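Hi there,

Here is the structure I promised to pass on.

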Amino acid sequence: MQRMYELLCHFIQKMYQFFTQKGDLKWNLPHSIPAPGCLWKASASTRSQILMSAKSPFMKPSRQVTASLIPQPLTTESALGKAVKRAIADGLVKREDLFITTKAWVQDMHKAGDTYASVKRSLALSGLDYFDLVLLHQAMGDYFTAYRDLEKAAKDGLTKAIGVSNYFPSILVNLCENVEIIPAVNQIEAHSFFTREEDLRVMKSYGIVPQAWSPLAEGNYGIFTDPDLTAIGKKYGKTAAQVALRWNVQRGFSIIPKSTHEERIKENLDIWDFALTEDEMKTISAKDKGKSGIISHFDPDLVKNLNHLSFEH
């Protein structure tokens, strides 16, 4: 617990120094979600992740850090929650400066009340009074019933906003046409080799914030040494990774690149002092493979396994 707290405090302090983002995305959210971010794996032993990003710090008297706590299977939610509360108590941040997200897993999406109970359980484990955003992890299980549980959670004040993850356009449209609260966010795989243009178009039509997990393709496709990305980066004094991230943000995505290294985190956020030209945007978009190189949500075996996968609470 002490080590977790030390890691969190160190990270928050560094983010106050490093974050220079220039824009938030609001849309269906009751308050802003940061456009860029950084998915930080706290440590291998905790099996947890913290997403840190900044909310226009240069525009306000004091810098604000927006953090999103994303519990994973077998994660020590309690330890993370206590670390966040202690950081607040020590004056590093205020609760209103934090954007804390959690997800409901497929195991908690099978019948009415499952997802609502999972949100309450996560709150109890974390010791928090509310979440800023709760997502359904997959369009699997009884996801309509699960989503209506999220609507109830939002109405009851357990979370300020609700959303989904990995929802493809046709599924997302069907959901939006049959629910009371339009999702605030749809978190999907999106990078220069899987551009998701149709997904982006559909999300914009419903006012849904598009958020890209794995915006650097998990290092696949030679993205860090790609000739076009490298050449464009040389023009601006940036790396291929920074160009890839800038491309995604410039077309309207909130991004959450994952890193465990402080310098890489700093690099991932240093994308606000240049803008890509229209031709450069098209060059990068042309790399689209039209499918994921990471996971296939259309694989029947994967869908079956995720429906039966269960983690201890």
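Let me start with a pair of helices: α3 passes α4 in a right-handed crossing (left-handed if the near helix is turned anticlockwise from the far one by less than a right angle, right-handed if clockwise). Helices (H or I, at least four residues) and strands (E, at least two) are DSSP runs, numbered from the N terminus.

Before going further, a note on the source: this is a predicted model, where local features need pLDDT of at least 70 and side-chain atom pairs count only at pLDDT 80 or more, while totals for chains, interfaces and linings use all residues. Residues are numbered from 1 along each chain as its sequence is written, and side-chain values use heavy atoms, with hydrogens and water left out.

**Helix pairs**

Two packed helices are described by the angle between their axes and the distance between the axes. Axes here are lines fitted to C-alpha atoms, for helices over the stretch in contact, and angles run from 0 to 180 degrees between N-to-C directions. Angles under 35 degrees count as roughly parallel, over 145 as roughly antiparallel, 65 to 115 as roughly perpendicular and the rest as oblique.

Back to the opening pair: α3 covers residues 114-126, and its axis lies 7 Å from that of α4 (residues 143-155), at an angle of about 45 degrees. That makes α3 oblique to α4. On the α3 side D114, T115, Y116 and V119 take part, and they meet A146, D149, L150, K152 and A153 of α4 (contact means heavy atoms within 4.5 Å). The residues of this contact divide into five nonpolar, one polar and three charged. For those classes, Ala, Val, Leu, Ile, Met, Phe, Trp, Tyr, Cys and Pro count as nonpolar, Asp, Glu, Lys and Arg as charged, and the others, Gly among them, as polar.

With a relative accessibility of 16%, D114 counts as buried (buried means under 20% relative accessible area, exposed over 50%, partly exposed in between, with a 1.4 Å probe and protein chains only). Leaving out residues up to four places away in sequence, D114 touches D108, M109 and D149.

How do α5 and α6 cross? The axes of α5 (residues 169-176) and α6 (residues 197-206) come within 9 Å and cross at roughly 15 degrees, so these two helices are roughly parallel to each other. The crossing of α5 past α6 is left-handed. P169, L172, V173 and C176 of α5 meet E198, D199, V202, M203 and Y206 of α6. Seven nonpolar, no polar and two charged residues make up the contact of α5 with α6.

For α8 and α10 (residues 278-285), the axes come within 11 Å and cross at roughly 105 degrees; α8 and α10 are therefore roughly perpendicular to each other. V243, W247 and Q250 of α8 make this contact with M281, I284 and S285 of α10. Its residues divide into four nonpolar, two polar and no charged.

**Individual residues**

V249 also sits in α8 (residues 240-250), and V249 is buried, with a relative accessible area of 11%. Apart from residues up to four places away in sequence, V249 touches I255, I271 and W272. Setting aside residues up to four places away in sequence, S192 touches I223, L229, A244, W247, I284, K287 and D288. R196 is also placed in the loop between β9 and α6 and counts as buried at 6% relative accessibility.

Which value does phi take in R196? Phi of R196 is positive, about 60 degrees, although R196 is not a glycine. Most residues other than glycine have a negative phi. Y221 also has a positive phi, near 65 degrees. Y221 is found in the loop between β10 (209-213) and α7 (227-236) and, at 31% relative accessibility, counts as partly exposed.

**The protein overall**

There are 11 helices and 12 strands in the protein. Of its 313 residues, 57% are buried. The accessible surface comes to about 13,500 Å², with 52% of that belonging to carbon and sulfur atoms; areas come from the Shrake-Rupley method with a 1.4 Å probe, and for residues only the protein chains shown count as cover. Among contacts with a separation of 6 or more, 73% are between residues 24 or more positions apart.

Happy to talk any of this through.

Best wishes
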